[in-house]
Amino acid sequence: MIRWEDFEKVEIRVGTIHEVMAFPEARKPAYKLMVYFGPEIGMRKSSAQITDLYSQEQLVGKQVLAVTNFPPKQIGPFLSECLVTGVQTQSGAVTLVGPDSPVEDGTRLF
């Protein structure tokens, strides 16, 4: 069990995917994402293994929840600056987590 104070340390924010690029260097199929989190945080890069359920075109404009206060992580030649959240389906594909209705980019999950 964690304490409420532990959960408050994790910044999970809403962002909008602005750009999606192929990531052919990745060991597992993935995309490079550019996600905008509002004026306070700005644009962040992320790598996401979501190619099973989403085309690049489907992702542009989609709002997602992401952890924005992890340190950057090197993934091959790519430096990921946030962790986009998702859950695995029974088949192992990842489906993204995001709001049901549009919300302001940068809004924090509490």
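**Terms and values**

Modeller: Let's start with Pro71, which has 62% relative accessibility and therefore counts as exposed. By the way, this is a predicted model, where local features need pLDDT of at least 70 and side-chain atom pairs count only at pLDDT 80 or more, while totals for chains, interfaces and linings use all residues. Residues are numbered from 1 along each chain as its sequence is written, and side-chain values use heavy atoms, leaving out hydrogens and water.

Colleague: Why is Pro71 called exposed?

Modeller: Exposed means over 50% relative accessible area, buried means under 20%, and partly exposed is in between (1.4 Å probe, protein chains only). Pro71 is at 62%, so it counts as exposed. For the chain as a whole, 35% of the 110 residues count as buried.

Colleague: Where is Pro71 found?

Modeller: Pro71 sits in the loop between strand S4 (63-67) and strand S5 (73-75). Strands (E, at least two residues) and helices (H or I, at least four) are DSSP runs, numbered from the N terminus. The chain has three helices and nine strands, in the order α-β-β-α-β-α-β-β-β-β-β-β from the N terminus on.

Colleague: What makes the chain as compact as a globular protein of that length?

Modeller: The globule rule is 2.2 Å times the number of residues to the power 0.38, and the radius of gyration is taken over C-alpha atoms. For 110 residues the rule gives 13 Å, and the chain's radius of gyration of 14 Å is close to that, so the chain is as compact as a globular protein of that length.

Colleague: What lines the largest pocket?

Modeller: There are 20 lining residues, and Ser46, Ser47, Cys82, Leu83 and Val84 lie nearest the centre of the largest pocket. A pocket is an open set of points on a 1 Å grid over the protein atoms alone, where a 1.4 Å probe fits, with protein on both sides within 12 Å along at least five of seven lines; lining residues have an atom within 4 Å of a point.

Colleague: How many of the lining residues are nonpolar, polar and charged?

Modeller: The lining of the largest pocket has eleven nonpolar, seven polar and two charged residues. Ala, Val, Leu, Ile, Met, Phe, Trp, Tyr, Cys and Pro count as nonpolar, Asp, Glu, Lys and Arg as charged, and the others, Gly among them, as polar. For the second largest pocket, the lining divides into five nonpolar, three polar and three charged residues; Phe23, Glu25 and Ser47 are among them.
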